[in-house]
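Student: I would like to learn how to read this model. Please take the features one at a time.

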Number of protein chains: 2
Amino acid sequence: MRFDLASSMDLLRRTPGTLRDLLDGVGEAWSRSNEGADTFSPFDVVGHLIDGEETDWMPRARIILARDPEATFVPYDRFRHYARNRGRSLGSLLDELARLRAENLAQLAAWKLGETELDLRARHPSLGPVTLRQLLAGWVVHDLGHIAQVVRVMAKQYHDEVGPWAPYLPVLTDHEAPRS
Amino acid sequence: MRFDLASSMDLLRRTPGTLRDLLDGVGEAWSRSNEGADTFSPFDVVGHLIDGEETDWMPRARIILARDPEATFVPYDRFRHYARNRGRSLGSLLDELARLRAENLAQLAAWKLGETELDLRARHPSLGPVTLRQLLAGWVVHDLGHIAQVVRVMAKQYHDEVGPWAPYLPVLTDHEAPRS
């Protein structure tokens, strides 16, 4: 599929509600458990997505739109949320994600991006030149990947409870070695 | 985590709304694309979950509750939905899943299951003896795994659009060989 701005924004708009449906009001056994050392719990994923709203996608889009293709993104801190959200409730993070995402999508719409802007480039610190189109496609895929992670981590909490069904439920053995 | 009936039912209740948030109103390029031959699109996943409501989880629970541990489940047809849902709209399938799930959860609640019932057994045609507790845990994990599949399949439609980000987005390369 070719990149489409309107449907990409439509998918980005859905993420906070999807995560609220999955997580709002679940117990901490579901929201705070992870897949092992150095992996994210669902709570951590919501924090990581908030970090993305504040420090990653839109700040990088602004760098690209400044039209200096040699400008380089600030490296992204994948662990900023650990300190930022200590003591926060999951419900308050879900509210914050919804607010930040709505603000960012309103700004994105206000830019009225066309193909010319989507072709603009800047430099990723390790990946090299990237276009605004690739950044926005990456934002969509990043959301979807982290929703997949949330439900995978939740599913794994019942690994031992499904008994002989475990080999029939591949989500239980996905990412046994962390991939992100 | 040990199996908990109340929180399992809470998770099962969330699935139709989660899928509606993700899918209702997306174009067919998102809802009808899959991961390759013999894999499910998001549309197919919703149909497969409806099949589960009608032919799998509750019918098997009823067999277990009939208290004959030698009773054997009817094998489950993973492809019933292909013929059943030809010509249907995704919106109508989402409505149907929500209705069937609500009915099934009302029935499950009406049974007022305790530990004695959760320990009851019947035979899975290939896995052998399984308990009602394992069946219900499997239902939860099955839901979560198929939500993960929906977002993974959607993410993969943008594989080529993210450019150099692809190696940083592991969801794009999950299940390259189908696992379910």
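Student: Where does Y82(A) stand, buried or exposed or in between?

Tutor: Y82(A) has 32% relative accessibility, so it counts as partly exposed (buried is under 20% relative accessible area, exposed over 50%, partly exposed in between, with a 1.4 Å probe and protein chains only). This is a predicted model, in which local features need pLDDT of at least 70, side-chain atom pairs need 80 or more and totals for chains, interfaces and linings use all residues, while side-chain values use heavy atoms without hydrogens or water. Residues are numbered from 1 along each chain as written, with chains lettered from A and ligands numbered from 1 in written order.

Student: How do I read aromatic pairs, and how many does the structure hold?

Tutor: A pair of rings is described by the distance of the centres and the angle of the planes. Over all chains there are 12 such pairs (Phe, Tyr and six-membered Trp rings with centres within 6.5 Å; planes under 30 degrees apart are stacked, over 60 edge-to-face, the rest tilted). In one of them, F40(A) and F79(A), the centres are 6.3 Å apart and the planes lie at 80 degrees, so the pair is edge-to-face. F40(A) sits in the loop between α2 (28-31) and α3 of chain A, and F79(A) in the loop between α3 and α4 (80-84), so the pair ties together parts 39 residues apart in sequence (helices are DSSP runs of H or I with at least four residues, strands runs of E with at least two, numbered from the N terminus).

Student: Which residues of that pair are covered?

Tutor: F40(A) is buried, at 3% relative accessibility, whereas F79(A) is partly exposed, at 42%. F40(A) also pairs with Y82(A): the centres are 6.1 Å apart and the planes at 80 degrees, so this pair too is edge-to-face. Y82(A) belongs to helix α4 of chain A, 42 residues from F40(A). Elsewhere, ring pairs join F3(A), W30(B) and Y158(B) in a cluster.

Student: What does F40(B) touch?

Tutor: F40(B) lies in the loop between α2 (28-31) and α3 of chain B and is buried at 3% relative accessibility. Beyond neighbours within four places in sequence, its contacts (heavy atoms within 4.5 Å) include H48(B), F79(B), Y82(B) and V153(B).

Student: How do I read a helix such as α3(B)?

Tutor: Compare its span with the expected one. α3(B), with 24 residues, reaches 33 Å from first to last C-alpha, close to the expected 34 Å (1.5 Å times one less than the number of residues). A kink of about 50 degrees is centred on G52(B), the bend being the angle between axes fitted to the seven residues ending there and the seven starting there. Of the 24 residues of α3(B), 18 are buried.

Student: Which residues have the most contacts inside the largest nonpolar core?

Tutor: In soluble globular proteins, nonpolar side chains tend to be buried together. Here the largest core has 108 residues, and those with the most contacts inside it are L23(A), L136(A), L23(B) and L136(B) (a core is a set of buried Ala, Val, Leu, Ile, Met, Phe, Trp, Tyr and Cys joined through side-chain atoms within 4.5 Å). Helices α1, α3, α5 and α7 of chain A and of chain B each supply at least two residues of this core.

Student: How are the two chains related?

Tutor: A rotation of 180 degrees with 0.0 Å of shift along its axis superposes chain B on chain A, with RMSD 0.0 Å (least squares on C-alpha atoms of residues with pLDDT of at least 70 in both). The copies are thus related as by a two-fold rotation axis. In chain B, A148(B) comes closest to the axis, at 2.1 Å by its C-alpha.
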